[in-house]
Amino acid sequence: MECFTGKRIRVKHFAPGWFFEESEELVEKALRGLRLAGMDPSLSESGFGTNGCYYGGIKGIPTISFGPSEEKLAHTKDERLDVDQLVKATRGYMSIAASFLEG
């Protein structure tokens with residue numbers, strides 16, 4: 001694998017997967033929170049690894065992902081987002097948390 005600096009490194013590339021049905025409480029509450037924030041969320045699979053691969057895939061801790069910008073830009077040397085995307089995602093994070101706190 002070539003690092004963003006151009007240095008070649010050897011890594012074991014494995015990201016264990018996990019899956020939730022839309023009816024899972026974790027998913028329902030997150031979707032409800034995003035809808036309450038005025039968003040129109042949709043479910044999809046992730047095409048890249050995150051720390052969630054460890055928590056969800058290895059440790060079995062219920063894990064979902066949500067974030068700003070475009071997936072194709074995540075964890076790349078050209079990763080970027082617009083300020084309005086950051087603000088919108090912040091509202092989404094707050095609304096997801098509020099959805100879980102409501103019980």
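**Figure 1. Overall fold of the protein chain.** Of the 103 residues of the protein chain, 20% count as buried. The coordinates shown here and in the following views are those of a predicted model. The protein chain contains 3 helices and 0 strands, and its elements follow the pattern α-α-α when read along the sequence. The C-alpha trace spans about 45 × 35 × 20 Å along its principal axes.

**Figure 2. The largest pocket and its lining.** The largest pocket holds about 1600 Å³ of space. Its lining comprises 42 residues, and those nearest the centre of the pocket are Ser44, Ser46, Ser65, Phe66 and Gly67. Helices α1 (25-36), α2 (52-58) and α3 (83-101) each supply at least two residues of this lining. The largest share, 5 residues, comes from α3. By residue class, the lining of the largest pocket divides into 23 nonpolar, 12 polar and 7 charged residues. Rolling a probe the size of a water molecule over the atoms shows where empty space is left.

Figure 3. Tyr54, Tyr55, Ile58 and Ile61 together make a nonpolar surface patch of about 410 Å². Tyr54 belongs to helix α2. The relative accessibility of Tyr54 is 41%, and this residue therefore counts as partly exposed.

**Figure 4. The salt bridge between Lys29 and Glu25.** The side chains of Lys29 and Glu25 meet in a salt bridge, with an N to O distance of 3.1 Å. Both residues lie in helix α1, where Lys29 and Glu25 are 4 residues apart, about one turn of the helix. The two partners fall into separate classes of accessibility: Lys29 is buried, because its relative accessible area is 11% and buried means under 20%, whereas Glu25 is exposed, with a relative accessible area of 52%. Side chains of opposite charge can pair when their charged atoms come close.

**Figure 5. The salt bridge between Glu102 and Arg32.** Glu102 forms a salt bridge with Arg32, and the closest N and O atoms of the pair are 4.0 Å apart. This pair links distant parts of the chain, as Glu102 lies in the segment after α3 and Arg32 in helix α1, 70 residues apart. Glu102 has 58% relative accessibility and so counts as exposed. Arg32, at 33% relative accessibility, counts as partly exposed.

**Figure 6. The salt bridge between Glu70 and Lys72.** A search of the whole structure finds 3 salt bridges, one of which is formed by the side chains of Glu70 and Lys72. In this pair the N to O distance is 3.5 Å. Glu70 is partly exposed, its relative accessible area being 41%. Lys72 counts as exposed because its relative accessibility is 65%, and exposed residues are those over 50%.

Terms used: Residues numbered from 1 in each chain as written. Predicted model: local features only at pLDDT ≥ 70, side-chain atom pairs only at ≥ 80, totals over all residues. Heavy atoms only, no water. 1 Å grid on protein atoms, 1.4 Å probe; cavity = no way out; pocket = protein on both sides within 12 Å on 5 of 7 lines; lining within 4 Å. Points joined across faces, edges and corners; volume = space filled by probe spheres on them. Nonpolar A, V, L, I, M, F, W, Y, C, P; charged D, E, K, R; others polar. Patch = residues over 30% accessible without salt bridge, like charges linked within 9 Å, V, L, I, M, F, W, Y side chains within 5 Å. Areas by Shrake-Rupley, 256 points an atom, 1.4 Å probe, with all protein chains shown as cover. Buried < 20%, exposed > 50% of the residue type's maximum accessible area, 1.4 Å probe, protein only.
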